[in-house]
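Work through the exercises below with the sequence and the 3D view at hand. Try each task before reading its solution.

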Amino acid sequence: MSLFQNLRQALIEKKISAETLAQRCLALARTRNPKLNSFLEFRETEALSDARLADLRIAAGERGPLLGIPMAIKDNILIEGSQASAGSKMLAKYRAQYSATVVDRLRAAGAVIVGKTNMDEFGMGSSNENSAYGAVRNPWNEDCVPGGSSGGSAAAVASGVVPMALGSDTGGSIRQPAALCGLVGLRPTYGRLSRWGLIAFASSLDQIGPIADSSLTVAAMLDASSGFDPRDATSAKKEGTDIFSKLEALSKTLPASEVFSGIKIGFDPSQLGDGVDESVRARFLETLNDWRLGGAEVLETPLPNAKHSLAAYYLIASSEASSNLSRYSGLLQGYRSEKFSREASLQDLVASSRSEGFGPEVQRRILLGTFALSSGYYDAYYKRAAQVRRLILNDYLSALKTVDFFVSPTTPSTAFRLGEKSASPLAMYLSDIFTLPSALAGLPGVSFPMGLGSDGMPLGVQVISAAWSEEKLLNFVRLNEVYRAESSVLPVTNQNNGGLLS
């Protein structure tokens, strides 16, 4: 069983109280944080208060799946009274004045939020080395990156401190760290979860989602946090999901040769060419064969325009970032340079504040985005990228008429070493090459473990399906967990329940 299932069972059977569990979780987090740097803030007083309320609800007979379960929240998602730096010096002193809708909903479901997690600055990065507060380290190998930008959330789960965390995914920032840390990470359909209370990076791409130790945990989080929010203009008028109970009831009843019978799975062989590590390619092809042996039909399904996703994504995301981050000028919002004096001009104040408050990667993307939106270049860059985005969506819509799922590796390699790609922004950007197309299309995608690479580090497989089909996606992941347990990977330090029940 996953850590989530063990904790839930212990709480229901009253082998441990939610308050004691929260205390142990906080103690474990503080013990492991000096090495991993996964947390930026702990919420001890608030977490223990919420845990006591959860104990009262459990004593009254409530059995919600998240009741009393500890979790962590990425530092670009607001919690009233807590810090919300988005991993940036620009917002180092900011404390949230209200809570994100997803946070309110998860707390209402009984989840106990123990802290805020480290991240790439404003969500811009694939390794969690771009944080103003230092790099996060991968619990599988502390010399390696955990992935980004939700690397702090992924490391917190993979280290066994919590069974679940919230991240945000703009171009792959949930799925990529989930893959590199041996976890399940879901990017929901754009609009499924409210973005109210999420610090914006690229508004047409940003989506909050769960990173957890199993599909069951992800389903419980999705059920609790999804649904229409009138405060978010991009929130879809859809009811919340009801997936957890269906997945929990799924059991091993079919012969292994029939478990995937009737499922059509598509993949694009051209995506497995140059730049993909041999161990990733080999394990992915083995996974395709596993599905064939389980009765699935595996079809070659090209995505002709996916090769343009990297260029389109970085033009669109950088353009939207240059607009969203323009508010942080050192005047009304954000860090103000100490070089300011009465003799300095307004222009000097803004220039100094932004140069000191933003890190190199954020500055790089602001410059690119400002250029792409400037007079005379808008049509040539941003408008054309938006047109390519539509072509990528059309490719998916065409493919998903003939297959149930489109699959690929989640990342082209296992977790790389800290500093390995820091000198080459393009090499770093290519880490997200498999996750960018579906992000541009606004489709739901999930990464789950498919084994280990030749270096002993986790590998993930990504599964994409049609809009609003999260139940279908998670059911497929759960089938894999139930029938292919030997191919799954548990977080390395989640053994012995991460120490939370000992």
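**Exercise 1.** Which residues make the nonpolar surface patch of about 360 Å²?

Solution. The model is a predicted one, in which local features need pLDDT of at least 70, side-chain atom pairs count only at pLDDT 80 or more, and totals for chains, interfaces and linings use all residues. Residues are numbered from 1 along each chain as its sequence is written, and side-chain values use heavy atoms, with hydrogens and water left out.
- Step 1: the patch is made by Leu331, Leu332 and Leu346. Patch residues have over 30% relative accessible area and no salt bridge; nonpolar side chains (Val, Leu, Ile, Met, Phe, Trp, Tyr) are joined within 5 Å, like charges within 9 Å. Areas come from the Shrake-Rupley method with a 1.4 Å probe.
- Step 2: Leu331 has 36% relative accessibility, so it counts as partly exposed (buried is under 20%, exposed over 50%, partly exposed in between).

**Exercise 2.** Find the residue that forms a salt bridge with Arg192, and say how the pair is placed.

Solution.
- Step 1: the partner is Glu470, with the closest N and O atoms 2.8 Å apart. A salt bridge needs a side-chain nitrogen of Lys or Arg within 4 Å of a carboxyl oxygen of Asp or Glu.
- Step 2: Arg192 lies in the loop between S5 and strand S6 (207-212) and Glu470 in helix H16 (residues 470-483), so the pair ties together parts 278 residues apart in sequence. Helices (H or I, at least four residues) and strands (E, at least two) are DSSP runs, numbered from the N terminus.
- Step 3: both Arg192 and Glu470 are buried.

**Exercise 3.** Compare the exposure of Arg231 and Asp229.

Solution.
- Step 1: these two residues form a salt bridge, at 3.4 Å between the closest N and O atoms.
- Step 2: Arg231 is partly exposed because its relative accessibility is 44%, whereas Asp229, at 2%, is buried.

Note on methods
Buried means under 20% relative accessible area, exposed over 50%, partly exposed in between (1.4 Å probe, protein chains only).
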